[in-house]
Amino acid sequence: TYSSAISGCDRVNEWQRALDVVATMGQVVLEHNAFTYNSAIIACGKAGKWQIVLGLLADLGQAVLQPGIIIYSTVLQAV
């Protein structure tokens, strides 16, 4: 699954690939979910890319998903 691919990118410090997977999901009209965004936020946060983390949080709101406590907690750890 896409979420597993993003989590795998996180484990090997490939935050850019994680973002590529998120972008691919949008192109093929797949349903984004909070887990997918959380995985991408973790990968970018570990790389110190806090600006991208905030962008993903904004994208989450545009995807009509409500960020929950887990997402907010992950964002706070990343920035």
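This is a predicted model: local features need pLDDT of at least 70, side-chain atom pairs count only at pLDDT 80 or more; totals for chains, interfaces and linings use all residues.
**G68 is partly exposed, at a relative accessible area of 31%.** G68 sits in the loop between α4 and α5 (69–78). Helices (H or I, at least four residues) and strands (E, at least two) are DSSP runs, numbered from the N terminus. Along the chain, G68 and A34 are 34 residues apart. Residues are numbered from 1 along each chain as its sequence is written, and side-chain values use heavy atoms, with hydrogens and water left out.

**The whole chain has five helices and zero strands.** Read along the sequence, the pattern is α-α-α-α-α. Of the 79 residues in the chain, 37% are buried. Contact means heavy atoms within 4.5 Å. Take the contacts between residues at least 6 apart in sequence: 56% of them join residues at least 24 apart. The chain exposes about 4800 Å². Carbon and sulfur atoms supply 56% of that area. Accessible areas come from the Shrake-Rupley method with a 1.4 Å probe; for residues, only the protein chains shown count as cover.

**Helix α1 has S3, I6, S7, C9 and D10 as its buried residues.** They cover an arc of only 155 degrees around the axis, which puts them on the same side of α1. The arc is that of the directions from the helix axis to the C-beta atoms. N13 follows α1 and has a positive phi, near 55 degrees. N13 is a residue other than glycine. It is found in the loop between α1 (2–11) and α2. N13 is exposed, with a relative accessible area of 59%.

**A18 is buried in this view, with a relative accessible area of 0%.** A18 belongs to helix α2 (residues 15–27). Which residues does A18 contact, leaving aside its neighbours within four places in sequence? They are I6, C9 and A43. A18 and A43 are 25 residues apart in sequence. Their C-alpha atoms are 7.0 Å apart in space.

**Helix α3 has 13 residues and reaches 18 Å from its first C-alpha to its last.** That is close to the 18 Å expected at 1.5 Å a residue. The expected span is 1.5 Å times one less than the number of residues in the helix. The buried residues of α3 are T36, Y37, N38, S39, A40, I41, A43, C44 and G45. S39 has its place in α3 (residues 34–46) and a relative accessible area of 5%. With neighbours within four places in sequence left aside, S39 is in contact with S3, I6, S7 and D10. G48 follows α3. Its phi is positive, near 75 degrees.

**A salt bridge joins K46 and D10.** A salt bridge is a side-chain nitrogen of Lys or Arg within 4 Å of a carboxyl oxygen of Asp or Glu. Side chains of opposite charge can pair when their charged atoms come close. The closest N and O atoms of K46 and D10 are 3.3 Å apart. The pair links distant parts of the chain: K46 is in helix α3, D10 in helix α1, 36 residues away. Are K46 and D10 buried or exposed? K46 is exposed, at 57% relative accessibility. D10 is buried, with a relative accessible area of 12%.

**E14 and R17 form another salt bridge.** Their closest N and O atoms are 3.9 Å apart. E14 is partly exposed, with a relative accessible area of 31%. A search of the whole structure finds two salt bridges.

**Helix α4 (residues 50–62) has 13 residues and spans 19 Å, first C-alpha to last.** V53, L56 and L60 are buried in α4. Seen down the axis, the buried residues of α4 fall within an arc of 60 degrees, so they line one face of the helix.

**W50, L54, L76 and V79 form a nonpolar patch on the surface.** Together they have about 420 Å² of accessible area. Patches are made of residues with over 30% relative accessible area and no salt bridge; like charges are joined within 9 Å, and nonpolar side chains (Val, Leu, Ile, Met, Phe, Trp, Tyr) within 5 Å. L54 has its place in helix α4. L54 is partly exposed, with a relative accessible area of 38%.

Methods. Buried means under 20% relative accessible area, exposed over 50%, partly exposed in between (1.4 Å probe, protein chains only).
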